[in-house]
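Hi,

Here is the structure I said I'd pass on. Have a look at it first, then read my notes below.

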Amino acid sequence: MTFPPTVLCRTFSFVFHQTSTIELLQLQNHSYIKRKESEMSTIPNFKLNTGAEIPAIGFGTWRSTEQEAYNAVIAALKAGYKHIDTAAVYGNEEIVGKAIRDSGISRNELFITTKLWSTDHQRAEQALRESLKKLGVEYVDLYLMHWPVTMNGDGNDALFPTREDGSRDLIDPSKWSYLDTYLSMEKLLETKLTKAIGISNFSLDKVQVILDKANVVPAALQIELHPFLPQQELVDFCQSKGILVEAYSPLGSAGAPLLQTAQLQEIAAKYNTTPAAICISWSVWRKVVPLPKSVTPERIAANLKIVELSDEDGKAISNLHKSLGIKRFVSPEWGIKIFD
């Protein structure tokens, strides 16, 4: 997941708890760790252009506080998720890593993604090593450039540096661009610290710049995708180039007004399931990896219970935006144009 800077500044004013609190959480979740194979849902896999398999549904950890992230990741792994998505800027890599270790699931059974933040674009290897240390793993399966925006890594704030006028302290693209960042990320593959690299929040034109100049085709593109914002042209383009597409905010915005639409509710009733399950199933029908996020164990487990949509219903959902309108929920004020 990705989010506006104004939201993030509030979200990551975390209250860090004492070790005893975490130990208590571990005891409370002991039943999650001792899970039965029969309790776990089966998730299909897709293939990256590297040849590696990626679970078709991932678990997002955006906007999760320390306690919530620990409990949620434990619950997700217990439910059957094998794909965990986090990011340096989320501020929860350390606790996500702790939950992974405490789950008892071996590292090679999991697919772990984290992301390079904009103030670290000019020091990608150092940033990745810091993320690995926090996660407590030797490598990640996928490392994404979080935004095609480079901020001043020596500015007045580690995450969101600003200039004197309050605007974002961005690096002039003529001096360092997202293409420079991606080319530096290609070198990470030689270090074995990540098995694949990719991008996030890129428009079609920006993806094309990468394809024109880079040596390694991105393994994945993670973008906001849901029936209000299907981005079909971008999805089709990436899939034609062998780039897997991942969907953050697959249920739309907080409060999920998308799920209240009559059309989705009618389709959900047809399959005897929920509108949320239909949205997630629709992503998988499109060969897109959804990254639903929840801190409620019941919802976490329910989000895995996808159904096989007919092509007729899949296309109907893809066309909902034509009557309901296009709605993008994540569009930070960077001071430069990101999306078309």
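Predicted model: local features only at pLDDT ≥ 70, side-chain atom pairs only at ≥ 80, totals over all residues.

Let's start with a charge over a ring: the charged end of K327 sits over the ring of F228, 4.5 Å from its centre. To count, NZ of Lys or CZ of Arg must be within 6 Å of the ring centre and within 35 degrees of the ring normal. R107 also lies over a ring face, that of Y139, at 4.1 Å from the ring centre.

Residues are numbered from 1 along each chain as its sequence is written, and side-chain values use heavy atoms, with hydrogens and water left out. The chain's mean pLDDT is 88.

Now the aromatic pairs, meaning Phe, Tyr or Trp rings (six-membered ring for Trp) with centres within 6.5 Å; planes under 30 degrees apart are stacked, over 60 edge-to-face, the rest tilted. The whole structure has seven. F59 and Y81 are edge-to-face, because their planes are at 65°, with centres 5.3 Å apart. F59 and Y81 are both buried (under 20% relative accessible area; exposed is over 50%, partly exposed in between, with a 1.4 Å probe and protein chains only).

W117 and W334 make a tilted pair, 6.1 Å centre to centre and 45° between the planes.

Cheers

Terms used: pLDDT = per-residue confidence, 0-100.
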